[in-house]
Amino acid sequence: MKELLKQYESKAPEIVFHWQDQETEAEGWTVINSLRGGAAGGGTRMRKGLDVNEVLSLAKTMEVKFTVSGPAIGGAKSGINFDPKDPRKKGVLERWYKAVSPLLKSYYGTGGDLNVDEIHEVIPITEDCGVWHPQEGVFNGHFKPSEADKINRIGQLRQGVIKVIESDKFSPDTRRKYTVADMITGYGVAEAVRHYYDIYGGTVEGKKAIVQGFGNVGAAAAFYLAQMGAKIVGIMDVSGGVISEEGFSFEEIKAMFLAKNSNNLVHENAISFEEMNEKIWGLHAEIFAPCAASRLITKDQITQLIDSGLEVISCGANVPFADKEIFFGPIMEYTDKQVSLIPDFISNCGMARVFAYFMERRVAMNDEAIFTDTSAVVRKALLQTFKQSASKTNISSTAFEIALRQLV
């Protein structure tokens, strides 16, 4: 696996598009790792301090993810080095998408990512640039449909991603009009845990869980894990967190989901980030779902969790460990050898899978069909890993080997 990984990581990306805004200090990159299958896909993120190396690592991550989620295309990513809280953000995005629109028409598909909203920013701004849909490049480069078929599939994709969830099974409150895009990634993170116990032995019910991050992914993961019967004992975000050593009830988790302010946890018993960061890593929990930013978790933190009885990690964040390597650094390797570590390209593939589901053919557009499809894809990937090695450790290294054999 390490030799395959070294070959994959060291190969230069096929295309690097660099943009310098003429009206602000914003700078952006689209990195297309390869045009495997004639196209490449990956979302657009914005944060202050972002650089081309971050975009490159995410593009390579996307290519690995597509081996699980489909379609069989190359990985890409766009990143803009700019403060997303700056009031000039909208203008920056408008100029960025105008510059990158020829790629989006031809062979590159994008979507929302960190600090860039799929529904309220990516779709309307790209439409204003003459792009039918942010995934139009994947249709043209990979699927090569007829004009009529392309119109039908783009309509299906457009309708499906923003579809309002109508089922109480998948939405914490159907009156609030949560969409598939709001919930599907966190759903996949939770389903990965359920399938893990089903395949490798055990049950999620009654297990204690810690969730790091309470944005769309973390909050949804907590909601679905609690719905399955897991006991959430700790939730942590950038503003602080909450602890209940006995575990919050499903109704309490649902209330926290509905009360959150943007990506921030709101709770009367919330403690400061500093206090939470001292306490959370020593809590007893069998399940850990890191759903915050990338490259945060230190070896000391993960060791404390392992020593407290950790069994399985389901990654909501891409590359959650504080390693400098693109994929498989020493902290991740250490963790993989100690506990069951479900890699991000399996556990958080929900949004990529939804895009693939709506692009590939005429499909059922109801909640059950959409969510069940993502669950089935996650399960299939874990079953393939289990068939290669039934060990509860080295799950990530085994999964990487399966993926990289398709790419190298």
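Biologist: Which residue of β5 stands opposite R47?
Modeller: R47 faces N81 in β5. This is a predicted model, in which local features need pLDDT of at least 70 and side-chain atom pairs count only at pLDDT 80 or more, whereas totals for chains, interfaces and linings use all residues. Residues are numbered from 1 along each chain as its sequence is written, and side-chain values use heavy atoms, with hydrogens and water left out.

Biologist: How many bridges join β4 to β5, and in what sense do they run?
Modeller: Strand β4 (residues 44-47) runs parallel to β5, with 4 bridges between them. Two strands pair if DSSP finds at least two bridges between them. Strands (E, at least two residues) and helices (H or I, at least four) are DSSP runs, numbered from the N terminus.

Biologist: What about β2 and β3 against β5?
Modeller: Strand β2 (residues 27-32) is antiparallel to β5 and joined to it by 6 bridges; I32 is opposite A76 there. Strand β3 (residues 40-41) is parallel to β5, with 2 bridges, and A40 is opposite G74.

Biologist: How many residues of β5 are buried?
Modeller: Of the 8 residues in β5 (residues 74-81), 7 are buried, so the strand is mostly covered. Buried means under 20% relative accessible area, exposed over 50%, and partly exposed in between (1.4 Å probe, protein chains only).

Biologist: Changing topic: what is the strand order in the open sheet of 6 strands?
Modeller: The order is β9-β8-β7-β10-β11-β12, with mixed pairing. The edges are β9 (240-248) and β12 (340-342); each has a single partner strand, so one side of each has no neighbour in the sheet. Neighbouring strands here are turned by 15° against each other on average, direction ignored. The axes are lines fitted to C-alpha atoms, for helices over the stretch in contact, and angles run from 0 to 180 degrees between N-to-C directions.

Biologist: Do β7 and β8 pair in the parallel or antiparallel sense?
Modeller: Strands β7 (residues 208-212) and β8 (residues 231-237) are parallel, over 5 bridges. K208 is placed opposite K231 in β8.

Biologist: How many disulfides does a search of the whole structure find?
Modeller: The search gives 0 disulfides, a disulfide being a pair of cysteine sulfur atoms within 2.5 Å. C315 is in none; its nearest cysteine sulfur, that of C291, is 8.6 Å away.

Biologist: Which residues line the largest cavity?
Modeller: Its lining is C315, V319, P320, F321, I326, F327, M332, P343, D344 and F400. By class there are 9 nonpolar, no polar and 1 charged. Ala, Val, Leu, Ile, Met, Phe, Trp, Tyr, Cys and Pro count as nonpolar, Asp, Glu, Lys and Arg as charged, and the others, Gly among them, as polar.

Biologist: What counts as a cavity, and how much space lies in the largest?
Modeller: On a 1 Å grid over the protein atoms alone, a cavity is a set of points where a 1.4 Å probe fits but cannot get out, and a pocket is an open set with protein on both sides within 12 Å along at least five of seven lines; lining residues have an atom within 4 Å of a point. The largest cavity holds about 60 Å³. A volume is the space filled by probe spheres set on the points, with grid points joined across faces, edges and corners.

Biologist: Which helix gives the largest share of the lining of the second largest pocket?
Modeller: Helix α15 does, with 5 residues. That pocket has a volume of about 180 Å³.
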